[in-house]
Amino acid sequence: MLLPTILDHPKYEFAYGVEDHHTGDIHSQKEFRDGDKVLGEYSLHEADGTVRIVKYTADKHSGFNAVVTYVQPNKENVVSIVAKTQKSA
């Protein structure tokens, strides 16, 4: 009989952020995994001031899916791009 290991059902959660106004490096990420389901989000500030936000999910049935949103400072327009990858066989 094999004993279950953490690899049988991986589960974790993490988050971090960097905000260095001296260098302009501003980004963050958070992710949650329970078994084969992953939910996450990351954001970063581009050199032109635009903020890129990526929200993603992944699982063995749907593959990797992401929605990328670009937010420009002091503007109301937001552009979103949806990306989906094919699940590998």
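Trainee: Why is phenylalanine 14 called partly exposed?

Mentor: In this predicted model, phenylalanine 14 has a relative accessible area of 33%. Buried means under 20% and exposed means over 50%, with partly exposed in between. The value of 33% falls between those limits, so phenylalanine 14 is partly exposed.

Trainee: Where is phenylalanine 14 placed?

Mentor: Phenylalanine 14 is in strand 1, which covers residues 11-20.

Trainee: What makes you say that strand 1 lies largely in the open?

Mentor: Count its buried residues. Of the 10 residues of strand 1, the number buried is 0, so the strand lies largely in the open.

Trainee: What makes the rings of tyrosine 12 and phenylalanine 14 a pair, and why is the pair called stacked?

Mentor: Good one! Two things describe such a pair: the distance of the centres and the angle of the planes. Rings pair if their centres lie within 6.5 Å, and planes under 30 degrees apart count as stacked. The centres of tyrosine 12 and phenylalanine 14 are 6.3 Å apart, with the planes at 25°, so the pair is stacked. A search of the whole structure finds 2 aromatic pairs, and this is one of them.

Trainee: Which residues form the nonpolar patch on the surface?

Mentor: Tyr12, Phe14 and Tyr16 form it, and together they have about 270 Å² of accessible area. A patch takes residues with over 30% relative accessible area.

Trainee: What joins strand 3 to strand 4?

Mentor: There are 8 bridges, and these strands run antiparallel. Leucine 44 has arginine 52 in strand 4 as its bridge partner. This hairpin has 5 residues between the strands, and glycine 49 takes a positive phi near 95°.

Trainee: Why is threonine 50 called buried?

Mentor: Its relative accessibility is 9%, and buried means under 20%, so threonine 50 counts as buried. Threonine 50 sits in the loop between strand 3 (37-45) and strand 4 (51-59). Leaving aside residues up to four places away in sequence, threonine 50 touches Leu44, His45, Tyr70, Val71, Gln72 and Pro73.

Trainee: What makes glutamate 46 and arginine 52 a salt bridge?

Mentor: Side chains of opposite charge can pair when their charged atoms come close. The cut-off here is a side-chain nitrogen of Lys or Arg within 4 Å of a carboxyl oxygen of Asp or Glu. In glutamate 46 and arginine 52, the closest N and O atoms are 2.6 Å apart, so the pair counts as a salt bridge. A search of the whole structure finds 1 salt bridge.

Trainee: Are those two residues buried or partly exposed?

Mentor: Glutamate 46 has 27% relative accessibility, so it counts as partly exposed. Arginine 52, at 22%, counts as partly exposed as well.

Trainee: Which residue is the bridge partner of arginine 52 in strand 5?

Mentor: That is tyrosine 70. Strand 4 and strand 5 (residues 63-71) pair in the antiparallel sense over 9 bridges, and a hairpin joins them through 3 residues.

Trainee: Why does valine 68 count as buried?

Mentor: Valine 68 is found in strand 5. Its relative accessibility is 15%, which is under 20%, so valine 68 counts as buried. Valine 68 and valine 54 are 14 residues apart in sequence, yet their C-alpha atoms are 4.5 Å apart in space.

Trainee: How many helices and strands does the chain have?

Mentor: The chain comes to 0 helices and 6 strands. Of its 89 residues, 18% count as buried.

Key: Residues are numbered from 1 along each chain as its sequence is written. This is a predicted model: local features need pLDDT of at least 70, side-chain atom pairs count only at pLDDT 80 or more; totals for chains, interfaces and linings use all residues. Side-chain values use heavy atoms; hydrogens and water are left out. Buried means under 20% relative accessible area, exposed over 50%, partly exposed in between (1.4 Å probe, protein chains only). Helices (H or I, at least four residues) and strands (E, at least two) are DSSP runs, numbered from the N terminus. Contact means heavy atoms within 4.5 Å. Rings of Phe, Tyr and Trp (its six-membered ring) pair if their centres lie within 6.5 Å; planes under 30 degrees apart count as stacked, over 60 as edge-to-face and the rest as tilted. Patches are made of residues with over 30% relative accessible area and no salt bridge: like charges are joined within 9 Å, nonpolar side chains (Val, Leu, Ile, Met, Phe, Trp, Tyr) within 5 Å. Accessible areas come from the Shrake-Rupley method with a 1.4 Å probe; for residues, only the protein chains shown count as cover. Two strands pair if DSSP finds at least two bridges between them.
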